[in-house]
Amino acid sequence: MTSRRVMMKPLARYASLNSYIDVSRSVGIEPIRLMRSVGLDPAGMALQDRWIPAVSVARLLERSAAESGHQDFALQLAERRRFANLGPLGLVIREEPDVRSALTILIRHEHMYNEALRMNMVVRNGLATIRVGFELGEQTETRQAAELALGTLHRLLRDFLGSLWQPIAVCFTHLAPSDTSTHRRVFGPTAKFEQEFNGITFYAHDLDVPNKRSDPLMRNYAYQILDSLDLQGEKTTSSRVRELIEILLPTGRCSVEQVARSLGVDRRTVHRHLADVGETFSSILDATRAELAENLVGNRRYNMTEIAELLSFSTPGNFSRWFRGRFGCSPGQWRNRR
């Protein structure tokens with residue numbers, strides 16, 4: 001039986017916060033505390049392909065900009081973006097033969113790196129315009145999210161078109177910052193504020209510029225990767241719950257209530273959809289713990305007290321009893337056998 005799709009908050013990859021810790025410290029704010037204030041686990045930064053609520057990312061960027069006094073905070077993040085931050089999709093885009101096909105892939109498969117992002121491209125009268133918007137599942141400020149998205153898009157276009165390329169306009173719906181020096185450095189004179197949309201406008205003939213780095217043979221391999229990812233289809237409720245359990249376990253706040261809040265639904269909805277596929281929250285929690293425990297116990301970097309904390313057990317003794325019941329031996333015995 002296939003799990004029915006749940007209306008829940010869209011997710012984004014941890015890669016959307018790439019360089020967040022470095023930029024935060026460079027502007028004098030404490031990134032760990034701010035991440036925890038919006039319900040994000042700082043340890044997840046090492047897991048770039050892990051998914052987190054997109055609204056939490058948007059809130060984190062806004063709080064970081066406000067606390068640091070740097071309205072260009074997200075733009076500083078965008079300056080450090082690379083193709084790799086798009087995950088496997090970046091491999092595909094890098095091998096596209098021209099700018100048009102690269103942008104088509106980027107827009108068509110936006111859900112692979114940020115489910116809240118909405119982009120569309122219109123070509124008319126010799127001009128191409130890419131508009132950017134967000135559907136976060138609830139109301140929140142998106143000024144910083146828009147600047148991160150457009151700054152990243154601008155950087156990707158320059159990777160294809162050369163460092164001297166400039167668009168006709170980079171448009172923002174919000175007011176201009178008090179200090180526009182970063183915007184001038186990144187966008188030149190093309191940044192415009194209080195516009196009707198967030199987006200980039202450039203000459204349509206730029207779309208046909210060939211990608212000199214494209215390799216037809218590598219492109220075939222890249223498409224195989226894309227096809228395999230597409231076959232995975234939409235995430236099921238159980239897979240989303242599992243991902244959130246992995247994120248929340250080290251924080252000590254892993255509960256069905258917290259998972260439900262992250263998904264934008266209530267606890268009963270989570271239970272109902274898991275029951276449709278013969279699962280319960282407890283069964284997924286136990287299976288996820290077991291898989292993580294195998295990896296952690298097999299890694300001698302961690303002692304048993306640290307592992308118990310990472311798996312959200314109240315004491316090492318409780319962890320040891322659970323492990324023996326699950327694997328038939330103590331964690332120490334299992335480690336020695338490995």
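**Close-up views of a predicted model**

**View 1. Arg261 in helix 11.** Arg261 is found in helix 11. The structure shown here and in the other views is a predicted model. With a relative accessible area of 48%, Arg261 is partly exposed. Ala58 is 203 residues away from Arg261 along the chain. The C-alpha atoms of Arg261 and Ala58 are separated by 16 Å.

**View 2. The packing of helix 11 with helix 12.** Two packed helices are described by the angle between their axes and by the distance between those axes. Helix 11 covers residues 256-263, and helix 12 covers residues 267-276. Their axes are 8 Å apart and meet at an angle of about 95°. Helix 11 is therefore roughly perpendicular to helix 12, since angles of 65 to 115 degrees are placed in that class. On the side of helix 11, the contact is made by Val256, Glu257, Ala260 and Leu263. Helix 12 contributes Arg267, Val270 and His271. Sorted by class, the residues in the contact of helix 11 with helix 12 are four nonpolar, one polar and two charged.

**View 3. The packing of helix 3 with helix 7.** Helix 3 spans residues 54-68, and helix 7 spans residues 143-161. The two helices pack at an angle of about 100°, and their axes are 7 Å apart. This angle makes helix 3 roughly perpendicular to helix 7. The contact of helix 3 with helix 7 has four nonpolar, one polar and two charged residues. From helix 3, Leu61, Glu62 and Ala65 take part. They meet Arg143, Gln144, Ala145 and Leu148 of helix 7.

**View 4. Arg143, a buried residue of helix 7.** Arg143 lies in helix 7 and is one of the residues that meet helix 3. Arg143 is buried but has no salt bridge. The nearest side chain of opposite charge belongs to Glu147, 4.3 Å away. That distance is not within the 4 Å required, so no salt bridge is counted. Leaving out residues up to four places away in sequence, Arg143 touches Glu62, Gln71, His174, Leu175, Ala176 and Pro177. Among them, Glu62 is a residue of helix 3.

**View 5. Asn125 in a loop between two strands.** Asn125 is located in the loop between strand 3 (117-124) and strand 4 (127-134). Its phi is near 55°, a positive value in a residue other than glycine. Asn125 has 75% relative accessibility and therefore counts as exposed.

**View 6. Glu194, with positive phi.** The loop that holds Glu194 runs between strand 6 (191-192) and strand 7 (199-203). Glu194 is not a glycine, yet its phi is positive, at about 55°. The relative accessible area of Glu194 is 57%, so Glu194 is exposed.

**View 7. Leu310 and its contacts.** Leu310 belongs to helix 14, which comprises residues 304-310. Its relative accessibility is 27%, and Leu310 therefore counts as partly exposed. Apart from neighbours within four places in sequence, Leu310 is in contact with Leu249, Pro250, Leu296 and Tyr302. Gly188 is 122 residues from Leu310 along the chain. Between the C-alpha atoms of Leu310 and Gly188 the separation is 46 Å.

Definitions and conventions:
Residues are numbered from 1 along each chain as its sequence is written. This is a predicted model: local features need pLDDT of at least 70, side-chain atom pairs count only at pLDDT 80 or more; totals for chains, interfaces and linings use all residues. Side-chain values use heavy atoms; hydrogens and water are left out. Helices (H or I, at least four residues) and strands (E, at least two) are DSSP runs, numbered from the N terminus. Buried means under 20% relative accessible area, exposed over 50%, partly exposed in between (1.4 Å probe, protein chains only). Lys and Arg count as positive and Asp and Glu as negative; His and the chain ends are not counted. Contact means heavy atoms within 4.5 Å. Axes are lines fitted to C-alpha atoms, for helices over the stretch in contact, and angles run from 0 to 180 degrees between N-to-C directions. Angles under 35 degrees count as roughly parallel, over 145 as roughly antiparallel, 65 to 115 as roughly perpendicular and the rest as oblique. Ala, Val, Leu, Ile, Met, Phe, Trp, Tyr, Cys and Pro count as nonpolar, Asp, Glu, Lys and Arg as charged, and the others, Gly among them, as polar.
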